[in-house]
Structure formats: structure tokens, C-alpha cells
Amino acid sequence: MLLSSLVRPNIWKLTPYSCARDEFKGREANVFLDANENPYNANFNRYPDPLQEDLKARLAEVKGVPANRIFLGNGSDEAIDLVYRIFCEPRQDNVVAIAPTYGMYSVCASINDVEYRPVELNADFSLDADRLLAATDAHTKVIWLCSPNNPSGNALDRKAIERVLTEFQGIVVVDEAYSDFNDARPFRLDLDRFPNIIVLNTFSKLWASAAIRLGMAFASEEIIALFNKVKYPYNINALTQQQAMKMLSDLQQVQYWRATLLREREQLLPAIAELPICKVVYPTDANFFLARMTDADRIYHYLIDRGIVVRNRSRVQLCGNCLRITIGTPQENNALLGALRQYRPTP
């Protein structure tokens, strides 16, 4: 299917805003009187690079994806919202997503007035490609897949994802926010195989930089051009770009954090599973896990009273009586285990 047939007509015809910095691109300059900036307070007075070219060049080296196939957003949530704004006609088109999954897919659908069709995963949180594809129709523009999935933690079967990518004649978003915590081949390395894919990633998880709000999207050059066309002109501030470059210069530290978290995950999951108040700990490929408890609500509030915050997912599809627990430092994990071992059910 032609990309132009998937994009909203007004977006396809859109003439993007031209940043002042775009107009002298490729030329040397040292006097800037073009953008109505205050000439004082150096390092903070100038607008940042609207396309983050230096940062993308470094990311291209680290992620193995050409810079012109990378979009950077104010968190992954900006990229999620842009997918709706680019491809989905309000009150006309729809999207299909697995359930349970990351809540912002649904929230952004509501904000953009687009029908959201959740398709429940199997009881073990595996993907049924037949049911997912059966939920689509002629007005389905996007399918949302999160792998490893949030809140279940498991990576979806790769063959099932590839089948969706091959058979669905629309955009497939594969959110790999947590993919850095497993060794599976990331879908961002297969952009040429699947021209309809958009792969999301983030600095919030492996890179320990949630505070800088930097998300990534990887896609074909044509799709990335659409993202850049619709985004706000200076969407990534200079401080965020600088901190991201700093993180990308210390890969050894990031890999140490990863190894530590994976080791803690390997030790914490069986310890939680042994607790009499835990019914099952689900397998995980992420930096968190889902545990079904005897009484999640009571245990959640018990932990809160002791200054330990986890996520109560009991009211989410397939997650009754479940807590979602992030892997913390050894000290944090020990504090959690100690508190849970002292928990006594109310008669």
C-alpha cells in the first residue's frame, strides 16, 4: 500500500513551519539576528538544533540505524501522539492494540478522537495474531504492539509480530521501550524488511534518563520525514540533547547498570515466587515483573505504609490481583523482600 494512502490528506499536503536555523543550514555564521533571540545569556539564549543532528549521528552509531531514519521526541509519548495525528482521521479511522498494554496508546486515541480496539492477549500474555488481525477493517490505520509488553513484561513471539507486519496493510508500531533488557534482535534493525513498521525506544529505561524526556522512533526515511513535518519546531531542548550526548559517551557505565539489573532480576523473581502471599511470578524480559498475589490491594497499601511504592495493576485486563514491580538497586530489592516477608494477612 502506498504511504500516501495511509496518511491524512491534510498532513500529506502540509507545508511545515520553517525554522530560522533551517534557512542558513550548511553555511558558516557567527552573527545571529534572524530568530528574535536575546543576544545575552550565552548557552541558553539560542534555539536548539530543531533536528538534533549531532545527537542523531551519535545515536546512529550506537543503535545501528541511519540518522535519517531516527526521530527524537519529548518522550516516546510525543511519537505515539504523532502517529495518530499523521495517520488517523478523527471519527473515521480506528486503531487496534493488544490488551493489556501501555495506557498512552488508548489515551492518545481518545485525545485524537480515534476509535481504539483492544484485543485481549492469551491467558499467558502471548499474542494471538489471528484475533488481532481479525479486529481490523478497511478503516484500521495502525496496530500497536509493545514488546516486551507493559505490564506483563514478556516479549511477544517474533514470528507472530512478523506475520502482523506482513499481512496488515497499514502501520504497525512496535514499542521496544524495554527491549534493551533482553538479547532478542530489535526490530529497528529490520526497517528494510518491513516498510510499514515504526519502532519506539526511549532513554527512560536502560539509559536511566527518564527525567530528560527523550524518546526515539525508528522508521523509513519517508515516515521520519512525516514526523519531522508535523512535530513542533524545537521539540527537544538543548539541555536534553546535551545530557543524552553525555549518556551516549559512557556506554560502559550503562552496560554495568544493565548487568546489575539483570542479575538482580534473576535473584529477585524466585525469592518473590517463594513467598506464601505470591501465587505466580510471570516470566519477564524487561526491568520489571508481574506477580499475582493473594490480595494485591492489601499488600499494595501495606507496602505504601512502609514507604515502598509498586504498581497495583489489579484493575487491568488479565491482571487481577497483580502487582507490577520494578527491579531496583540491591538495597531497594532487599527492602521490598524484607517487608513482604513480614506481611501477615488480615484474618
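In which handedness of crossing does helix 3 pass helix 9? Before following the answer, note that this is a predicted model, in which local features need pLDDT of at least 70 and side-chain atom pairs count only at pLDDT 80 or more, while totals for chains, interfaces and linings use all residues. Residues are numbered from 1 along each chain as its sequence is written, and side-chain values use heavy atoms, with hydrogens and water left out.

Two packed helices are described by the angle between their axes and the distance between the axes. The axes of helix 3 (residues 53-63) and helix 9 (residues 238-248) come within 10 Å and cross at roughly 25 degrees, and the two helices are therefore roughly parallel to each other, a description used for angles under 35 degrees. Helix 3 passes helix 9 in a left-handed crossing, meaning that the near helix is turned anticlockwise from the far one by less than a right angle.

Where the two helices meet, D54, L55, R58, L59 and V62 of helix 3 are in contact with Q241, A244, M245 and L248 of helix 9, contact being heavy atoms within 4.5 Å. The residues of this contact comprise six nonpolar, one polar and two charged.

Turning to the cysteines, a search of the whole structure finds zero disulfides, a disulfide being a pair of cysteine sulfur atoms within 2.5 Å. For C108, the closest cysteine sulfur is that of C88, 11 Å away and too far for a bond; C108 is also buried (under 20% relative accessible area), with a value of 2%. C278 likewise takes part in no disulfide, the nearest cysteine sulfur, in C322, being 9.0 Å away, and C278 counts as buried at 9% relative accessibility.

How values were computed: Axes fitted to C-alpha atoms, helices over the stretch in contact; angles between N-to-C directions. Helix = DSSP H or I, 4+ residues; strand = E, 2+ residues; numbered from the N terminus. Parallel < 35°, antiparallel > 145°, perpendicular 65-115°, else oblique. Nonpolar A, V, L, I, M, F, W, Y, C, P; charged D, E, K, R; others polar. Buried < 20%, exposed > 50% of the residue type's maximum accessible area, 1.4 Å probe, protein only.
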